[in-house]
Amino acid sequence: MASPSPIARRRESKDAFRSLSHFSLISDEPTAQLARHVVSSPQATGNMAPSVRGLNPGGSASATPRTDDWNRALEKLRGAYADKTIAGYRSDFRLFADWCIAEGLVVLPATPSTLARYLDEMIETVTAATLTRRVAAIVRVHRLLELPNPGDSEPVRLAMRRIKRRRPCRPKQALGIDRDLRERLISACGSDPAGKRDKALIAIGFEALCRRSELAAIQVDDLVETRNASLGILIRRGKTDQSGEGRIVTLSAETARIVLDWIDAAGLVSGPLICPVYKGHPVRRHLAGFSISRLLKRIARQAGLDEDVTSRISGHSLRVGAAQTLLRDGHDVLKLMKVGGWKSATTVYRYIEKAEIDVWS
């Protein structure tokens, strides 16, 4: 049988190469770049051997995912996960995909050896916590596309152990605003509407052990009367309470007075409880989470705290400091979990590990 002419072979190669662009692993790239992300063989020209990723022996399309496939798959998480979580998955997977492109490796489905190599190469520049998060994103994309999970393999598990042994690190924790510091910050707030808003923010954030997102989401309607006729506050949804079961925290008489004083001054009837104040007038919208961090830092400076202390204050400081204060007051971990909405005692231990406790006095 006569071999194909050079012109025929060239035409077959171009047709096959063009078909690969429909099964590209990364979209919006030149065809020449896409060729690096497929598994080819020396027979990749001419008859296009079956080993080319994206084609079956008969030349029909296989299920090799494209970029728009995994982007679309992540959209399936919409409503089930927070937008921030989905954005994090997308960003982390994109970093992995970019690395695969630079190394000429197949992105999807990624092999365990590819993922293990990625982790080994990142060991000098990325922390173990960050790489653990990236692996979670890579695994999530594979599961959404019903592809084999590269993370469930011994090479990847060993790579993660190497990272944790070589780069051990303790998670950074915000400076805890304990009871004494809370009082100092409240005393530094003014008597104008903005100052009253700041007092309410600090008082509620501390006693309800609020994350900054929870604090920003509180509505006026979330104030409730508890069984003992005290003022309570409903935290409707939290990081570990995505179903919105909520938790009710009873406020002290002092905090109740601060909150009601702010409501009267602002004339709030409904809507966000902690809202911006512009030229002495409340603005009917929620504060952004990062704005809470900025407010706390500004109040800390007003209170005359050193800059090294102020720089360590964040929107999480009220939650951290309240947990440490409750532990020092003698409350057990179960009570802390109840008030703070934690599902795991291990997480609580991370909050209170820096609390100073004198067991000998």
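Helix α9 (residues 193–207) packs against helix α11 (residues 253–266) at an angle of about 145 degrees, with 9 Å between their axes. The model is predicted: local features need pLDDT of at least 70, side-chain atom pairs count only at pLDDT 80 or more, and totals for chains, interfaces and linings use all residues. Residues are numbered from 1 along each chain as its sequence is written, and side-chain values use heavy atoms, with hydrogens and water left out.

**Helix packing**

- Axes are lines fitted to C-alpha atoms, for helices over the stretch in contact, and angles run from 0 to 180 degrees between N-to-C directions.
- The crossing of α9 and α11 is left-handed, a term for a near helix turned anticlockwise from the far one by less than a right angle.
- On the α9 side, the residues that meet α11 are P193, K196, R197, K199, A200, A203, I204 and E207.
- Their counterparts in α11 are T255, I258, V259, D261, W262 and A265, where contact means heavy atoms within 4.5 Å.

**Aromatic residues**

- There are five aromatic pairs in the count, where rings of Phe, Tyr and Trp (its six-membered ring) pair if their centres lie within 6.5 Å; planes under 30 degrees apart count as stacked, over 60 as edge-to-face and the rest as tilted.
- The ring centres of W99 and Y118 are 5.1 Å apart and the planes stand at 65 degrees, so this pair is edge-to-face.
- Because W99 sits in helix α4 (residues 83–103) and Y118 in helix α5 (residues 112–122), the pair ties together parts that are 19 residues apart in sequence.
- Both W99 and Y118 are buried, meaning under 20% relative accessible area with a 1.4 Å probe, protein chains only.
- W99 and Y118 also belong to one aromatic cluster with W70, F93 and F96.

**Sheet**

- Three strands form an open sheet in the order β1-β2-β3, with antiparallel pairing; two strands pair if DSSP finds at least two bridges between them.
- β1 (223–225) and β3 (247–250) are the edge strands, each with a single partner strand, so one side of each has no neighbour in the sheet.
- From one strand to the next, the twist averages 40 degrees.
- Strand β2 (residues 231–235) is joined to β3 by four bridges, and I233 stands opposite V249 in β3.

**Whole chain**

- The chain has 16 helices and five strands, which are DSSP runs numbered from the N terminus (helices H or I, at least four residues; strands E, at least two).
- Of its 361 residues, 43% count as buried.
- Of the contacts between residues at least 6 apart in sequence, 61% join residues at least 24 apart.

How values were computed: Buried means under 20% relative accessible area, exposed over 50%, partly exposed in between (1.4 Å probe, protein chains only).
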